[in-house]
Amino acid sequence: MGFPDPASVPSLLQVAPKPNTFMPFGNGTHSCPGNELAKLEMLVLFHHLATKYRWSTSKSESGVQFGPFALPLNGLPMSFTRKNTEQE
């Protein structure tokens, strides 16, 4: 089974959604106003983690699990300790 000419198959991204189609985060004028706020909050969090904390990996089993991506076996436990800074 397959398509004799895959280029002739219409893509879902090329077809406009029907009116009132459910879109979780919306699109265009109906997009979620909190979307940009959530991105900003994540950037602030990562900034503070990178500048005010020391990162280290905790004990973890060595190994890699393969799926769509190569990942550490059973995740990658991390420890965060606050840096001692006199400037604060």
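Biologist: How many of the residues of the protein chain count as buried?

Modeller: Of its 88 residues, 1% count as buried. The model is a predicted one. The accessible surface amounts to about 8,500 Å², and carbon and sulfur atoms hold 63% of that area.

Biologist: Which elements does the protein chain contain, and in what order do they run?

Modeller: From the N terminus on, the order is α-β-β-β-β, that is, one helix and four strands. As for contacts with a separation of 6 or more, 35% of them join residues 24 or more positions apart.

Biologist: Where is Pro 72 found, and what is it in contact with beyond its neighbours within four places in sequence?

Modeller: Pro 72 belongs to strand β3, which covers residues 70–72. Once those neighbours are set aside, Pro 72 is in contact with Gly 63 and Gln 65. Ser 62 lies ten residues from Pro 72 along the chain, and their C-alpha atoms are 7.4 Å apart.

Biologist: Which residues form the nonpolar patch on the surface?

Modeller: The patch consists of Trp 55, Leu 76, Met 78 and Phe 80, which together have about 380 Å² of accessible area. One of these, Leu 76, is placed in the loop between β3 and β4, the latter being residues 78–82. Leu 76 has a relative accessibility of 46%, and therefore counts as partly exposed.

Notes. Residues are numbered from 1 along each chain as its sequence is written. This is a predicted model: local features need pLDDT of at least 70, side-chain atom pairs count only at pLDDT 80 or more; totals for chains, interfaces and linings use all residues. Side-chain values use heavy atoms; hydrogens and water are left out. Helices (H or I, at least four residues) and strands (E, at least two) are DSSP runs, numbered from the N terminus. Contact means heavy atoms within 4.5 Å. Buried means under 20% relative accessible area, exposed over 50%, partly exposed in between (1.4 Å probe, protein chains only). Accessible areas come from the Shrake-Rupley method with a 1.4 Å probe; for residues, only the protein chains shown count as cover. Patches are made of residues with over 30% relative accessible area and no salt bridge: like charges are joined within 9 Å, nonpolar side chains (Val, Leu, Ile, Met, Phe, Trp, Tyr) within 5 Å. A salt bridge is a side-chain nitrogen of Lys or Arg within 4 Å of a carboxyl oxygen of Asp or Glu.
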